[in-house]
Amino acid sequence: MSTHSSPTNGRDPAGNRADTPSNQWPETPSYWQFVPVGDYQVPALPARGAMSEAWTQFKRALRRIDEESLQPARKEAQLRALSEVRLSHLVPPVDPNDPADALDGALYDWMTGHDERPVRFVVGQPHGCYPQLLPFWARRHGARLIDPPAPETVLEGDLGVLDRFEVDRPGTRAGNGGLWVIPDLAHWYLRHPEGLRLVRALLARAETGELGRGVIGCDSWAWAYLGHLWPMPHHDALTAQGFDGTRLTRLLFHQIERQPHRRVHFRNAANGQDILAVPSNGNGNGVTAHPELQRLAAHCRGNPGTALTYWRESLRTEPDDGGVTAVEGEQRNDDIFDEEDVWVTNQLHEPILPNETGEDVALVLHALLLHNGLATRWLAELLPLARDVSLAILLRLTRAGLVTRRGDRHIVTALGYQSVRSLLQRRDYLTDSF
Amino acid sequence: MDESIPSSQIFREIDAFTVVEIVAIVLATVALIVLMQRALNWLGRRLHGKRRHLTLAMVPLLRLLIGVAAIVLIVPLIIEPSLQNMIALLGALGIAIGFALKDYVSSLIAGIVAIGEKPYRNGDWVRIGEHYGEVTHVGMRTIDMMTTDDDRITIPHSRIWTDSIVNANNGEPRLQCIADFYLHPDHDAARASEILRDIALTSPYTHLDSPIRVTVREKPWGTHYKLRAYPVDGAQQFRFITDLTVRGKAQLQRAGFQFAATATIADTGMA
């Protein structure tokens, strides 16, 4: 992987770098890297963090709810949340150009015809970047985006939807005319005896090349489930390498929209330590990961989407002003005139599932994750629960901040994801391999 | 030659302090056992899967160790711990037990054997005689089982001498469940097997990393299908079997399969 240059510079509206000749492949930012699914590495906790995490887990097992984690310290409680505008500057959404560049690098052989495999799979974790990434990548390469069928069509097993694929016949492979992209395979099946036919037919035809060349995105939970229905090509599938402390630090460092002559210090609200300073004294590539960021990366198991959400939610400011002070005396240099303190609180209101969570709740959450979100109607169809019971559970989980809506689908929230995953794993439900 | 041993040589002089000491050891042992049992049972109820089974299975072993430690502490306070004395004491005890407390002690010894052989542990689903249920407590003399009808049954350990113990999960958090389907003999067996396999694959209770198997046997009255799969947790077994049965029947009917029925048997003259 090559090193990174500024992620937002020099791109045309389609996302191609203006300074990149069309016959060359763009630079890959060093913190985005696509690797085979089996090579994914879950970031490890620093030793102290591991003990702290184990202690929290133990307390959670013993108590109905970890009250301590819900009580903000008095001093930290005085800090205020940042405005949405300020947050959008400090933690903007991930620029899809960066992972798209990395994906281009990983698919280079395949895109240039040196790899004859008809389809490539890209697996992503919930709240990772891939649902936005693949449509973006499809637009960049002029590929046809295949929308998922309606759940009714999935249940009918209507294979007519496969006719929507434009087959890339031999001899007509000029450019990427026949290339197609399925953003999320999780929406092509339902865990129902009649909801598997379509996805099996799709996978069979796609892997034999009957549908031409394409890229199939798949949520990591659906990938784990579909692996029991179909011999999924685990060694062929790509995923974004886990964001350990160092990658996460670099991501945060490059995410922030910088203001001229201002340095932003992200400081631990409990002890005042600098967690990250942007710009740093160096160029950013040599940024070392603070233990807090290592802990965050490990807690999120390398998922950049949930890590950014945690980071965003933990930012606070002083109640009076923005915490901006002018740099004086010897510390001042030609570039930096102002210093801004942004406080990072440890007292995050992370929704937590108590250990006594009922079985029905676990079934609902598991179904939501396996399908990357479900509408209420289909949830009741797939679970041995009455519709009213499913609805009541969803409402309770929504109020607890564990479930939210994306369109007509209910999904597990980014902040609640780790708690839900941990509960399902403890109870031996099928989980993703990340 | 006089081989009788004077009692004064077997037993020590027991003064008030020794009595207090023995009482203290007994009370401490009882308190420790009660505390340990409550703590591990309480913790076990909050855990799931293997951790739960391991925690609950430790209860009888720890109780035995505490009991043995107490005996080791008490015996030297009462008797002179020589080989001769031990033989005399154990012989007397053996005669008493042989006549008066045979069944009781048989259960106690069986309880110790059960700790070693592990025919059942806390959290296991076992069948002893006509009773089937989850082992909720392994005591010194008996085990407690909670049946599916929510009845608590107490069974002495001595049943392991005479009865076969059917253990459905044998210390593992999972156990195999079987849903039976009886179909009319005239059908596509391969298609029926596929449908039943998908039924298990799509049940929310299925532990997907465990095998799913469909076995088929031809009977005089039709075809008997057994759908074998494992639920995520042993406690889900009845909901799991119900789910497999309800959805399996519905799906087979939707696919046009006919079930074996008395009328069919009579019509074909195969009864």
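This is a predicted model: local features need pLDDT of at least 70, side-chain atom pairs count only at pLDDT 80 or more; totals for chains, interfaces and linings use all residues.
One of the links can be named, as Arg213(B) has Arg228(B), in β8(B), as its bridge partner.

**The sheet around these strands**

The pair belongs to an open sheet of 3 strands in chain B, ordered β6-β8-β7, with antiparallel pairing. Because β6 and β7 of chain B are at the edges and have a single partner strand each, one side of each has no neighbour in the sheet. On average, neighbouring strands here are turned by 20° against each other, direction ignored.

Two helices accompany the sheet. α7(B) packs on it and touches β6, β7 and β8 of chain B, its direction making about 30° with that of β8(B). α8(B), in turn, lies across β6 and β8 of chain B and runs at about 25° to β6(B).

| Helix | Strands | Angle |
|---|---|---|
| α7(B) | touches β6, β7 and β8 of chain B | about 30° with β8(B) |
| α8(B) | lies across β6 and β8 of chain B | about 25° to β6(B) |

**A closer look at α7(B)**

Helix α7 of chain B covers residues 189-201. Which residues of α7(B) are buried? They are Ala192(B), Ile195(B), Leu196(B), Asp198(B), Ile199(B) and Ala200(B). The buried residues of this helix pack against β6 (177-183), β7 (213-219), β8 (222-229) and α8 (237-254) of chain B.

**Where chain B meets chain A**

The contact between the chains involves 18 residues of chain B and 19 residues of chain A. On the chain B side, α7 and α8 of chain B are the elements that give two or more residues. The largest share of that side, 4 residues, is from α7(B). Sorted by class, the side of chain B that touches chain A holds 8 nonpolar, 5 polar and 5 charged residues.

**Chain B as a whole**

Stepping back, chain B contains 9 helices and 8 strands. Its radius of gyration is 27 Å, well over the 18 Å that the globule rule gives for 271 residues, so chain B is more spread out than a compact globule. Along the principal axes, the C-alpha atoms of chain B fill a box of roughly 90 × 40 × 25 Å. Of its 271 residues, 25% count as buried. Among contacts in chain B between residues at least 6 apart in sequence, 67% link residues at least 24 apart.

Notes. Residues are numbered from 1 along each chain as its sequence is written. Chains are lettered from A and ligands numbered from 1 in the order in which they are written. The radius of gyration is taken over C-alpha atoms; the globule rule is 2.2 Å times the number of residues to the power 0.38. A residue is buried if 20 or more other C-beta atoms lie within 10 Å of its own, exposed if 12 or fewer, and partly exposed in between; C-beta atoms are placed from the backbone. Two residues are in contact if their C-beta atoms, placed from the backbone, lie within 7 Å. The expected span of a helix is 1.5 Å times one less than its number of residues. Ala, Val, Leu, Ile, Met, Phe, Trp, Tyr, Cys and Pro count as nonpolar, Asp, Glu, Lys and Arg as charged, and the others, Gly among them, as polar. Two strands pair if DSSP finds at least two bridges between them. Axes are lines fitted to C-alpha atoms, for helices over the stretch in contact, and angles run from 0 to 180 degrees between N-to-C directions.
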